[in-house]
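Here is a short briefing to read with the model open beside you.

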Amino acid sequence: MTQGKSRILVADDEPNLREALRILLDRNDFTVLLAVDGQEAVEIAQREQPDLVLLDVMMPRMDGYEACRTLRAHYRTGHIPIIMLTAKSQQEDDRVQGLSQGANDYIGKPWHGKELVQRIKNHLEWAKTQRSVSPLTGLPGNLSILAERQRRVDAGQTFAQMFLDIDSFKSFNDRYGFPVGDTAITAVADVLAQVIETQGRPGDFVGHIGGDDFTVVTEPDRAESLAEAMKNALEERMPLLYEEEDRARGSVRVLNRRHEYEDFPLMSVTIAHATYDPATGMHLAQLDDQLRELKEYGKSLPGFVVASERRRRRVDAGPETAWGSPPKLEAPPPQRKSKAA
């Protein structure tokens, strides 16, 4: 959540109106970001994550409706309040179209300064009570994660969820201290965000549950490849968080609970993923049970691990199958109604 002045992104292709909004908001103690069209508004919002966006409807390259829809679909901007401004007549169909794209409010031009400022303040205050964003990583937190899953359930969507947990994180904290431990958390968040940005699809979601736990929601046919990409990227990145001596030894030496020095392995990650399919009558509680059991199974194995029900069945089938690189099946087995065995 933003500290100090709230930051408002104003997107309007008319220079005079853009400047008038900048002056009004500056006088009311807001920090103002400016965009000349919808495309630039999306780019700035994803990069800067403002506290609220004012979108004109009629703009070149990308109009306000499409910009609103794009902002709502991206995990970095889906939680930001959006107010749409338009010179179009205040017909019900126009208002409904703006609201249906995910806008929180809809104001016609010419707008009245005091009313606009008050609406902005109201939406910012509401967002503070509703929005859950990790102050450490800037990723959506638990409230946003729960809302994202429920939104997909309400829409009857099939989706895959990943649960990522850092292994041996406590020994890293004990060795280097909590401030440095925070760098490990942010490094993992950066890797997840980068993989989603470069290899994901619109609508993919990544959130920070808390501590060293993260989650990703994506399409079922993409879960395996994204999990592998995250695992590979973290396998390269995480050893670099250690000093050369520890990295060369492959362990850290810290006091255990008996106050004796003990060697602990370097950090790794376990990524469990499972699919929610409403056609099977599955409930979210069953999905959570499946993810929990897969995570525990994955953490019982050494190193960086991707754990799915399909992989577990392949590994348990015989010692000739390597966990890290299981044979690819032509099609996944049918989704079971009960929790993972």
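In which loop is L266 found? This is a predicted model, and in it L266 sits in the loop between strand 10 and strand 11 (268-276).

**L266 and its surroundings**
- L266 is buried, because its relative accessible area is 17% and the buried class covers values under 20%.
- Leaving out residues up to four places away in sequence, L266 touches S168, Y242, D246, R247, G250, S251 and V252.
- One of these, S251, lies 15 residues from L266 along the chain, and the C-alpha atoms of the two are separated by 5.1 Å.

**The protein as a whole**
- You will find 12 helices and 12 strands in the protein.
- The protein has 341 residues, and 48% of them count as buried.
- Taking contacts between residues at least 6 apart in sequence, 65% join residues at least 24 apart.
- The accessible surface comes to about 16,800 Å², and carbon and sulfur atoms account for 51% of that surface.

**Near the start of the chain**
- S6 is placed in the segment before strand 1 (7-11).
- Is S6 buried or exposed? Its relative accessibility is 18%, so S6 counts as buried, the cut-off being under 20%.
- Apart from neighbours within four places in sequence, S6 is in contact with F30, T31, D51 and L124.

**Helix 2 against helix 3**
- Two packed helices are described by the angle between their axes and the distance between the axes.
- For helix 2 (residues 38-48) and helix 3, the axes come within 9 Å and cross at roughly 20°.
- How are helix 2 and helix 3 oriented, roughly parallel or roughly antiparallel? They are roughly parallel to each other, because angles under 35 degrees count that way.
- The crossing of this pair, helix 2 and helix 3, is right-handed.
- On the helix 2 side, the contact is made by G38, V42 and A45, which meet A67, T70 and L71 of helix 3.
- Sorted by type, the residues in this contact are four nonpolar and two polar, with no charged ones.

**Backbone details to look at**
- A cis peptide bond joins K109 and P110, with omega at about -5°.
- R61 has a positive phi, near 65°, although R61 is not a glycine.
- The location of R61 is the loop between strand 3 (52-56) and helix 3 (64-73).
- Is R61 buried or exposed? With a relative accessible area of 63%, R61 is exposed, since that class covers values over 50%.
- H259 is another non-glycine residue with a positive phi, here near 60°.

Key: Residues numbered from 1 in each chain as written. Predicted model: local features only at pLDDT ≥ 70, side-chain atom pairs only at ≥ 80, totals over all residues. Heavy atoms only, no water. Helix = DSSP H or I, 4+ residues; strand = E, 2+ residues; numbered from the N terminus. Buried < 20%, exposed > 50% of the residue type's maximum accessible area, 1.4 Å probe, protein only. Axes fitted to C-alpha atoms, helices over the stretch in contact; angles between N-to-C directions. Parallel < 35°, antiparallel > 145°, perpendicular 65-115°, else oblique. Left-handed = near helix turned anticlockwise from the far one by under 90°. Contact = heavy atoms within 4.5 Å. Nonpolar A, V, L, I, M, F, W, Y, C, P; charged D, E, K, R; others polar. Areas by Shrake-Rupley, 256 points an atom, 1.4 Å probe, with all protein chains shown as cover.
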